Amino acid sequence: MRFDTYDPDQFYDELFKSPQQPRSQGQVLVDKIHGLPDGELLQRQRAAQEALCKLGATFNVYGESDGTEKIFPFDVIPRVISAQDWHYLERGLKQRIHALNLFIDDVYHQQKILKDKIIPEELIYSATGYLPPCQGLNPAKGVWCHITGTDLVRDLDGEWYVLEDNLRCPSGISYVLENRQVMKSTFPQIFREIPIQPVDEYPSHLLATLMHLAPDNISHPTVVVLTPGIYNSAYFEHSYLAQQMGIELVEGRDLVVADGYLQMQTTKGLQQVDVIYRRLDDDFMDPTTFRSDSTLGIPGLMEVYRAGRVAIANAPGTGIADDKVIYAYVPKMIQYYLGEDPILANVPTYLCWEEQQLQHVLANLEQLVVKAANESGGYGMLIGSQSTAAERQEFAQRIQANPRNYIAQPTLCLSRVPTILEDEFYGCHVDLRPYILYGQDIYIHPGGLTRVALKKGSLVVNSSQGGGSKDTWVLCQEENA
Amino acid sequence: MLSRVADSIYWLNRYIERAENVARFLEVNLNLILDLPTRVQQQWQPLVATTGDKDFFEKHYGEANADNVIQFLAFDQTYPNSLISCLQRARENARSVREVISTEMWQHVNAFYLLVANTANDLTLAELNQFLEEVRQASHLFAGIMDATISHNEGWHFGQIGRLLERADKTSRILDVKYFMLLPSVRDVGTPIDELGWIALLKSTSAYQMYRKRSERHLITPAEVADFLILDTDFPRSIRFCAVQVERSLHLISGSPMGTWRNPAERSIGRLRSELEYLTVEEIIDSGMHQFLDRLEQQINQVDQEIYNTFLDRQPVQPLMQTQSQSYFLCISILSIPPPTLIPRRLFWVLTYCDFVPGLQQNNKF
């Protein structure tokens with residue numbers, strides 16, 4: 001297979017500047033693919049899919065009756081990011097996470113940013129992610145958002161934008177690790193010739209980040225991954241991460257508060273737990289503090305947490321910064337807390353709770369993407385350009401009924417990467433979710449999940465909506481550069 | 001090890017072993033029928049009795065003919081002990097402990113499940129035989145993979161206990177049913193049909209070749225067959241062998257020295273094991289084979305229940321937790337079923353096969 005007839009069209013293509021003109025970071029890759037015998041690439045694509053099937057990298061789709069797992073489709077053409085671009089992203093992400101953490105801490109303490117009228121107070125109190133019981137809490141080592149999976153996109157001109165911050169329980173890292181493993185066995189030769197940053201260190205960094213949170217007087221802390229259970233859409237990942245870190249994967253029903261500590265039920269009796277990496281939403285964590293109908297959580301957990309006897313990552317309450325209305329204020333937060341200009345830009349965002357902006361949104365639904373402030377996974381959104389008049393009308397009613405809960409953004413022309421569709425190269429839209437760990441300091445994992453919309457022309461990359469993934473290659477800095 | 005994880009490994013192994021035994025029962029019966037003179041009624045009823053779920057069968061199927069029993073035992077998704085249900089549950093259990101078991105084990109359980117799930121329920125006789133053999137092989141392969149790919153630590157021992165308790169229970173049940181079916185028929189004693197029946201019994205427990213080989217007693221007599229299946233020291237499907245191994249695993253988990261006990265589970269299995277070690281088959285026959293096996297099955301259930309109480313049971317439920325209380329109440333209802341000794345004799349034969357304790361425990365898990 002060759003790229004001779006591949007046309008990047010008017011889009012920003014990650015691999016090609018123009019037809020037959022690869023970008024410099026993609027040159028070797030394109031040459032290598034051209035060097036493969038006929039049919040070889042397709043055969044490797046199939047082999048890679050099979051390998052992933054065997055590894056059992058699956059996810060569940062909610063609302064499907066059989067409730068079984070699906071394989072996350074994978075495309076072997078990687079997305080290549082130059083060392084220079086990566087350096088820029090790293091700086092931007094560090095700055096952003098730093099400011100977001102200061103913001104969350106401020107919201108749950110003095111609320112200076114509200115008093116100084118940078119962010120309207122009513123937006124905080126009306127956010128579903130704001131948890132009053134967390135007021136005044138001091139999470140271990142002063143960090144709230146330990147694990148973040150920021151969604152980034154590029155527009156027509158190649159400019160990077162932050163689409164969402166995902167500070168609660170971002171998933172997808174297991175695919176990053178498994179995709180790489182499969183790619184290394186699919187194209188060993190290419191890996192030898194291109195200096196690609198390895199990704200396998202993630203579990204070690206994650207474990208170190210989690211252990212860092214344990215109270216200082218505990219030399220061998222017990223760290224666990226808390227999962228809602230096998231029917232959760234990301235169960236595979238929970239189990240994978242626990243396995244990779246060699247720690248227990250627990251469910252709420254394994255845990256109990258006893259003698260003022262969080263303990264897990266083992267065959268030898270109760271055992272103290274010091275740090276939880278929870279993959280459970282805030283609301284469900286403790287029925288005595290949050291949703292009383294939660295059967296997944298642990299009654300009394302928050303008491304133990306408040307007493308500093310267990311650390312929770314990410315800290316309960318972090319979700320406030322995930323609100324899509326709050327997101328719009330992140331550039332202001334960066335200026336407010338750090339006194340710096342934001343390195344990474346936000347996607348321009350209309351806030352429906354402001355009357356003027358609401359009118360603009362309602363009048364231009366067809367050109368906009370409307371999102372509910374607190375949904376994720378591609379649920380609760382309207383893509384104006386791909387919707388019917390009836391859908392738009394229905395959405396307009398929803399917005400008017402609850403303007404606080406909606407934002408709108410222009411439809412972005414996401415960048416594309418050549419992808420094998422029906423045995424041909426076709427430019428498919430992608431986004432990028434790098435993973436950021438905040439322990440002793442901020443660590444940006446070199447790579448991230450490149451999600452790709454596998455339907456021709458589609459802009460939705462979510463796995464629950466028919467998206468797939470690609471390996472992400474971050475190139476090493478040239479030694480002499 | 002988390003109690004929930006130990007429980008899942010235990011049931012994973014029990015379900016796989018149960019699936020294997022169901023396949024054995026079907027396979028041997030299909031073979032036996034081919035050898036029987038046509039005037040003899042086809043022997044499908046005993047198979048239903050072996051499962052202990054006669055009531056379920058009669059309610060949903062009525063007549064015990066080949067088609068009904070095969071559908072019931074192999075493909076009925078509503079019947080919790082069918083092949084397909086066993087594999088579904090085994091897989092769910094495996095999935096919930098994927099990070100603890102080896103990748104090879106998970107992949108195999110997954111493939112095993114797919115083998116059964118993708119098999120149509122209208123197989124020809126030849127296909128059915130082939131399928132049942134595959135099931136048996138897949139179960140052996142599972143045991144082998146588990147043995148060779150995970151550390152023989154606590155989890156592995158819980159798996160062993162699950163497998164061996166299930167095996168002991170099934171050996172006992174099939175012996176009980178066959179003994180009842182084969183022996184009282186005075187007319188048939190010493191006829192070829194009689195001997196075929198005993199051979200079928202041995203084959204259904206993979207015991208035929210080992211039975212023939214052991215020492216000088218090659219001939220097939222009812223007492224010798226029972227002796228072999230209950231009391232043999234070396235045959236891995238004999239009840240005594242299973243009890244010895246269960247006790248060993250239990251002590252390796254708890255760290256209690258052999259010959260002592262520190263919890264009810266160790267006491268029960270130790271008592272059962274030593275009883276089996278000093279019994280003779282003559283004593284068993286004198287006291288009544290059925291009564292003996294029946295009590296044995298109760299003892300096995302008791303060991304299972306005590307292991308659950310000692311190692312696997314979770315904390316008493318706090319009032320706020322709603323889903324947990326469901327399983328909690330089920331536990332209580334298990335315990336509140338009257339022990340069989342309180343049930344009138346005549347009802348006894350029917351109730352014996354109501355597999356109630358393990359049957360309810362499956363529900364307890366899901």
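In chain A of this predicted model, A372(A) stands opposite Y406(A), a residue of strand β20(A).

**Strand β20 of chain A and its partners**

A372(A) faces strand β20(A), and strand β18 (residues 368–372) of chain A pairs with β20(A) in the antiparallel sense through five bridges. Strand β17 (residues 350–351) of chain A is likewise joined to β20(A), here by two bridges, and the two run antiparallel. Within that pairing, L351(A) stands opposite I407(A) of β20(A). In general, the strands of a sheet pair through backbone hydrogen bonds, and the pairing is either parallel or antiparallel.

Is strand β20(A) mostly covered or mostly uncovered? Spanning residues 406–410 of chain A, the strand is mostly covered, since four of its five residues are buried.

**The two domains of chain A**

The domain assignment divides chain A into domain 1, made of 16–347 and 412–474, and domain 2, made of 350–410. Between the C-alpha centres of these two domains of chain A lies a distance of 26 Å. Domain 1 of chain A contributes 14 residues to the contact, and domain 2 of chain A contributes twelve residues. On the side of domain 1 that touches domain 2 in chain A, six residues are nonpolar, six are polar and two are charged.

Strand β23 (residues 435–438) of chain A is joined to β24(A) by three bridges in the antiparallel sense, and I436(A) stands opposite I444(A) of β24(A).

A83(A) belongs to helix α3 of chain A. This residue counts as partly exposed because 17 other C-beta atoms lie within 10 Å. A83(A) and W473(A) are 390 residues apart in sequence, yet their C-alpha atoms are 9.8 Å apart in space. Leaving aside residues up to four places away in sequence, A83(A) touches L475(A), C476(A), Q477(A) and E478(A).

**The nonpolar core and chain B**

The largest nonpolar core has 225 residues, among which L100(A), V370(A) and L83(B) touch the most other members. Helix α1 (residues 3–35) of chain B gives the most to this core, namely 14 residues. When residues up to four places away in sequence are not counted, L100(A) touches C145(A), D165(A), L167(A), A321(A), V330(A) and M333(A).

How many helices and strands does chain B have? Chain B has 18 helices and zero strands. Of its 366 residues, 44% count as buried. Among the contacts in chain B with a separation of 6 or more, 70% are between residues 24 or more positions apart.

Most residues other than glycine have a negative phi, and most peptide bonds are trans.

| Position | Feature | Value |
|---|---|---|
| D9(A) | positive phi, not a glycine | about 60° |
| D423(A) | positive phi, not a glycine | about 60° |
| A313(A) to N314(A) | cis peptide bond | omega near -15° |

D9(A) is located in the segment before β1 (16–18) of chain A. Why is D9(A) counted as exposed? D9(A) is exposed because 10 other C-beta atoms lie within 10 Å, and a residue with 12 or fewer is classed as exposed.

D423(A) is part of the loop between β21 (416–421) and β22 (424–433) of chain A. D423(A) has 10 other C-beta atoms within 10 Å and is therefore exposed. N314(A), at the cis peptide bond from A313(A), is placed in the loop between β15 (311–313) and α11 (324–327) of chain A.

Technical notes. Residues are numbered from 1 along each chain as its sequence is written. Chains are lettered from A and ligands numbered from 1 in the order in which they are written. This is a predicted model: local features need pLDDT of at least 70, side-chain atom pairs count only at pLDDT 80 or more; totals for chains, interfaces and linings use all residues. A residue is buried if 20 or more other C-beta atoms lie within 10 Å of its own, exposed if 12 or fewer, and partly exposed in between; C-beta atoms are placed from the backbone. Two residues are in contact if their C-beta atoms, placed from the backbone, lie within 7 Å. A nonpolar core is a set of buried Ala, Val, Leu, Ile, Met, Phe, Trp, Tyr and Cys residues joined through C-beta atoms within 7 Å. Domain bounds come from an automatic or database domain assignment. Ala, Val, Leu, Ile, Met, Phe, Trp, Tyr, Cys and Pro count as nonpolar, Asp, Glu, Lys and Arg as charged, and the others, Gly among them, as polar. Two strands pair if DSSP finds at least two bridges between them.
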